[in-house]
Every structure is written in structure tokens, then in C-alpha cells.
Amino acid sequence: MRVALVKTLVELATTDPRIMLLTGDLGYTVLEPFAEKFPERFLNVGVAEQNMVGIATGLAEAGYIPFLYSIVTFASLRPYEFIRNGPILHQLPVRIAGIGGGFEYGHAGPTHHGLEDVGVMRVQPGITLVAPADHQQARTAIQATWDMPGPVYYRLGKDDRTTIPELEGRFELGRVQTLCEGEDIVIVAMGPLAGEALTAAKTLAQQGIGCTVVVVACLNPAPVADLVNILSRFRVALTVEAHYIVGGVGSLVSEVVAESGIRCRVVRCGVRTTPDGVGGSQRYLQGMHGLSSEALVRTAIQALEKVVS
Amino acid sequence: MATQISWSFEIRRIILEQSKRAHVGHIGSALSIADIVAALYSDQTSTFDPGNDDRDRLVLSKGHAVLAIYAALFLKGWITEDQLNTYCGDESLLGVHPEHLLRGIDFSTGSLGQGLSLGVGAALAARLQQSSRRVFVVASDAECNEGSLWEAVMFAAHHQLANLIAIIDLNGQQALGYTQDVLNLSPMADRWRAFGWDVHDVDGHDVAAMQATIANLDTTTGAPHVLIAHTVFGKGVSYMENQIKWHYWPMSDDEYQQAIAEIGVRS
């Protein structure tokens with residue numbers, strides 16, 4: 001999604017001189033297409049994410065649309081108060097792109113795992129929050145949101161090759177996207193794990209369990225109406241996210257169920273434990289936390305059995 | 001000169017009147033920058049006119065002293081007396097910290113250590129837009145405790161933001177003690193100089209001198225500028241000067257009467 005971001009920005013910046021790209025000294029071999037084409041609108045602020053957000057706020061007040069680039073944790077957590085008091089409080093069009101949600105920087109260790117960015121951004125009503133499932137959806141989402149008057153946070157993956165064919169790059173503000181439909185259980189997925197959810201759905205189908213899979217790529221504004229509509233048709237919902245179970249899409253779905261009075265059991269699949277120092281690849285760490293397609297199948301069957309019993 | 005003295009007096013009078021009426025503190029911090037604000041707003045070369053998109057920008061990074069700014073906005077005619085009298089009232093945009101939705105306030109501030117970054121962005125924008133507007137940031141000395149401020153200091157110097165003018169209200173005092181006891185910041189001027197800024201030590205209560213210094217700055221090329229403004233916390237009211245208590249404390253009736261009497265004779 002990094003390439004999708006920069007490619008889209010280059011296209012947009014060609015016709016809109018307000019667009020700038022700022023980085024906190026990250027993005028080697030990724031940002032060059034923009035930097036080379038628009039050197040006067042590209043800025044490496046150094047390893048200083050708080051200052052980057054403050055600068056962006058000052059630029060946006062003067063009419064620019066600054067895009068900020070860093071790894072998820074540095075883009076969201078380090079400058080969080082600057083984001084709150086800057087672009088959110090002033091309602092200015094600063095775009096924050098956090099790269100590598102969940103365990104995408106698996107081997108880099110827990111300081112680089114983005115497990116709470118969606119939660120901290122989602123509590124701020126004044127920021128649009130987008131977490132695409134693949135690079136095609138990232139591109140559509142950026143095209144749909146870059147010109148909004150207020151701030152936007154993008155949780156973007158590193159992967160620019162894997163696609164979820166059933167998604168076809170669809171994105172709509174405040175809506176969910178349906179990937180497949182079945183009658184027995186619904187899986188609500190956020191981010192690239194939608195691919196694991198789809199694989200799980202296919203396995204479940206082979207066992208005679210019909211599964212609907214939907215993607216939530218826009219968490220703020222939350223797709224409340226769509227979720228009410230979908231969840232009301234099921235007795236069990238699985239939420240799937242490379243994020244702590246508090247604050248992300250699992251929390252969102254639980255809130256929707258609670259507030260709307262839908263009779264649907266929500267099982268949250270996400271990260272429940274604090275870091276234990278064990279490193280590994282993204283796939284390994286996702287498996288450790290029950291987020292592989294195999295684990296999702298087991299969790300879905302267990303959840304259905306509980307409801308039936 | 002008469003006009004400048006009048007500005008300082010009027011700002012102090014409004015600070016005292018409004019803080020007494022609203023029964024709130026931060027009086028000492030506001031009095032500390034009264035003359036800095038007088039220098040900025042009474043200077044014919046600076047324009048913060050909210051009706052002008054290409055106005056100079058002001059970031060009050062030490063947002064808790066905003067009452068001095070409200071006074072200036074009123075004296076400039078950008079807010080009415082009725083608005084001024086809503087200070088700290090319900091449904092008022094005039095709170096203890098600046099709110100950008102108020103006419104004349106460019107940026108909401110209050111969390112220390114953030115304002116200089118906003119100023120850097122504003123100065124960078126002015127350069128990119130080939131505007132001659134300047135960006136002023138008024139920060140406190142204690143605020144230099146915040147590491148984020150030095151991120152902005154480094155950036156501004158590296159990018160030679162000559163249109164950025166920081167003014168450090170060096171009153172030597174912070175919320176719970178004197179800066180030299182809490183976290184020693186001296187020598188302040190040397191620190192900024194070492195980071196590559198154009199440094200000017202000034203008397204933060206000499207309005208004419210500050211205006212002359214600002215007028216002589218090259219804001220087109222070269223290093224960003226900082227005025228290390230030596231000030232007295234609570235300046236003008238004898239029992240407030242250099243007293244920690246007046247960082248937070250509101251005045252009693254007697255204290256108010258004495259303060260009003262003193263600013264008329266001591267300024």
C-alpha cells in the first residue's frame with residue numbers, strides 16, 4: 001500500500017499544488033517518485049514526529065494538504081497529543097499515513113508492532129480513519145478522502161502485491177464492503193487479515209457452514225447502519241483484526257450490537273496479550289494470536305457450537 | 001512612546017480587571033508578557049489583522065498567558081468589550097487558553113512545547129507561498145523543558161526560516177518553582193545560539209527596544225530569530241513579582257485594588 005500511496009499522491013499532486021509529503025526519515029525506495037518530481041513539496045523533517053505533525057498543522061492552516069509518512073507506531077502514538085491539539089482541534093486537512101499495521105514489522109519487535117493505532121484514533125470524533133485491506137482499496141480510499149476538509153489517518157500495509165480479488169478495490173466512506181455471503185456466521189475483518197477471513201470462509205463452506213465476510217475499511221465515520229443491517233441477520237459474528245481487541249473493529253462491532261439491541265454474539269479475534277518478547281514473521285505472530293485462517297475456522301466452529309448449545 | 005506606555009498599561013489593566021472579574025489565575029504569566037504583547041500589537045510594522053489572509057501569524061505557545069492577547073485584540077478593536085467580558089464564562093470563546101475560533105487567534109494552544117512547531121509550519125508555508133508575512137511565536141522559558149520544542153528549534157535553523165521570530169519570555173519561573181531549581185535552562189541564549197539561531201537578548205519590558213530589534217531583523221534570508229526577553233514574572237504588581245503563588249492564584253478584593261493602583265504608578 002506504500003507504493004499505492006505514493007503513486008496516487010504523485011497523480012494528485014500533479015494537478016493540485018497544495019499537496020505536500022513529509023516524512024520522519026522513513027520510506028527508503030518508496031518516497032522517491034514524489035520527492036524527485038516535487039522536490040519543493042517533499043520534506044524529510046528528520047526523526048521528529050511531533051514536530052512533523054506541528055509543522056503540518058502550520059502548513060495546513062496556510063492552505064496546504066500535507067501527507068505525513070512514518071511507521072504506524074511513530075505516526076500515531078508518538079505525536080498523538082500533537083495530532084489531537086493540531087489537525088483535529090483545528091479541523092485542518094493533515095493526512096497521517098501510518099505504515100505497517102499489526103505485525104507487519106514482525107521481526108522488528110514490539111516497538112514496531114502497530115496494535116493500538118486504530119483504537120487511539122477512533123476515540124477522536126474529528127478524524128477520518130481508514131484502514132484498507134489491500135493496495136487496490138488503499139488507492140480507492142485515498143482518492144475518496146484526500147480532499148476532505150478535516151484530518152485523515154490511514155493505516156496502510158507494506159504489501160503492494162497481494163490483492164483480495166473479491167474486494168475489487170471498493171471503498172466508500174462510512175460503509176462496509178461485502179466479500180462473500182453465507183447464512184450461518186459473519187466475519188467482520190479489518191485490514192489485510194480480510195484475506196485470512198476469506199480463506200477461513202472457504203474452509204467453513206467445505207464443512208457446510210455458510211459464512212458472510214465483510215470488510216470494514218472506514219472506521220470513522222463508523223459504518224453503523226451497514227453493520228446493524230448485516231449483524232441483525234446472524235447469531236454469531238467474528239471480528240478479525242491485527243490490533244488489540246480493545247479499540248479496534250471488535251470494539252466497534254460490540255458497540256453497535258450493544259447500542260442497537262441486536263441479538264448477536266460477538267467473538268473478537270485480535271491481540272489479547274502484552275508483548276512477551278517472542279519475535280518472528282508477520283505470519284508467525286498472527287498465528288500466535290489466533291489470526292491464521294486455520295485458527296479462525298476453529299474459533300468460528302466453537303462460537304457456533306456455543307450458540308447452538 | 002506615549003502610545004507604547006499606554007498599550008502596556010491598558011493590557012495590564014485588562015489582565016487585572018478580567019482575572020478579578022472571572023476570579024481566575026495565571027495573572028503573573030500574563031503580566032510577564034504584557035510588554036511583549038504591547039510591542040507586537042502596537043508596532044505599525046506588524047499586522048495580525050484577522051481580516052487579512054496574508055497577515056503576520058502569532059502563536060502564543062505559552063497559552064495560559066492569553067489574557068494579555070485578549071487585551072490586545074480588544075485594544076485593536078477585533079473583539080468587543082462585551083466579548084472581552086465573557087472571559088472564562090459559559091459559552092465563551094475566551095477561555096484560559098487561546099481558541100482559534102476566536103477572531104484574532106490563529107492557533108489554539110495550551111499544551112506547552114507545541115507552539116514552535118506550528119510556527120515552523122506557518123513560516124515554511126509563507127516561504128513556499130513567497131509571502132513576506134512573518135510568524136511570531138511567544139514561548140515561556142519553562143516550556144523549553146519540552147523536548148519537542150527543540151525538534152522545532154533544530155528544524156527552523158536547518159531550513160533557515162528567517163521569517164520565524166521566537167520570543168522567549170524568560171522570567172525564570174515555572175509552575176512549582178524557579179527554573180534554575182526545577183530544570184536549569186541557563187545559559188538560555190547560548191543554547192539557542194548553539195542550535196543556529198540569530199539570538200537577541202532584550203529587556204522584555206522595554207517596548208521600544210523590542211520593536212527596534214524586531215524592525216532590524218532580516219526576515220528574508222538567514223537564520224531564524226529569537227528574542228530572549230528578560231522579564232519579571234508578575235511585572236508591575238509588587239506582591240506578584242517573582243512569586244510562585246501567582247502562577248495560579250486569583251486576587252482578593254484588596255489585592256486587586258493594590259494591583260490596579262500599582263500598575264498606574266510603577267510601569
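Analyst: Let us begin with helix α7 (residues 147–158) of chain B: at 1.5 Å a residue its twelve residues should span 16 Å, and its end C-alpha atoms are 17 Å apart, which agrees. The expected span is 1.5 Å times one less than the number of residues, and helices (H or I, at least four residues) and strands (E, at least two) are DSSP runs, numbered from the N terminus. This is a predicted model, in which local features need pLDDT of at least 70 and side-chain atom pairs count only at pLDDT 80 or more, while totals for chains, interfaces and linings use all residues. Residues are numbered from 1 along each chain as its sequence is written, chains are lettered from A and ligands numbered from 1 in the order in which they are written, and side-chain values use heavy atoms, with hydrogens and water left out.

User: How many residues of α7(B) are buried?

Analyst: Nine of the twelve are buried, so the helix is mostly covered, where buried means under 20% relative accessible area, exposed over 50% and partly exposed in between (1.4 Å probe, protein chains only). Among the buried ones are W150(B), E151(B) and F155(B).

User: And what do the buried residues of α7(B) pack against?

Analyst: They pack against elements of both chains: β2 (42–44), α3 (49–61) and α5 (80–90) of chain A, together with α6 (115–128), β3 (164–170) and α9 (188–194) of chain B. Contact here means heavy atoms within 4.5 Å. Just after the helix, Q160(B) takes a positive phi of about 50 degrees.

User: Switching topic, what is the volume of the largest pocket?

Analyst: The volume is about 610 Å³, and of the 35 residues that line this pocket, the closest to its centre are D159(A), T162(A), P192(A), L193(A) and Q282(A). A pocket is an open set of points on a 1 Å grid over the protein atoms alone, with protein on both sides within 12 Å along at least five of seven lines, and lining residues have an atom within 4 Å of a point.

User: Which element gives the most to that lining?

Analyst: α8(A) does, with five residues.

User: Last one: where is G277(A), and is it buried or exposed?

Analyst: G277(A) sits in the loop between β12 (265–271) and α11 (282–288) of chain A, and is exposed, with a relative accessible area of 65%. G109(A) is 168 residues away from G277(A) in sequence, yet the two are 7.6 Å apart in space, C-alpha to C-alpha.

Notes. 1 Å grid on protein atoms, 1.4 Å probe; cavity = no way out; pocket = protein on both sides within 12 Å on 5 of 7 lines; lining within 4 Å. Points joined across faces, edges and corners; volume = space filled by probe spheres on them.
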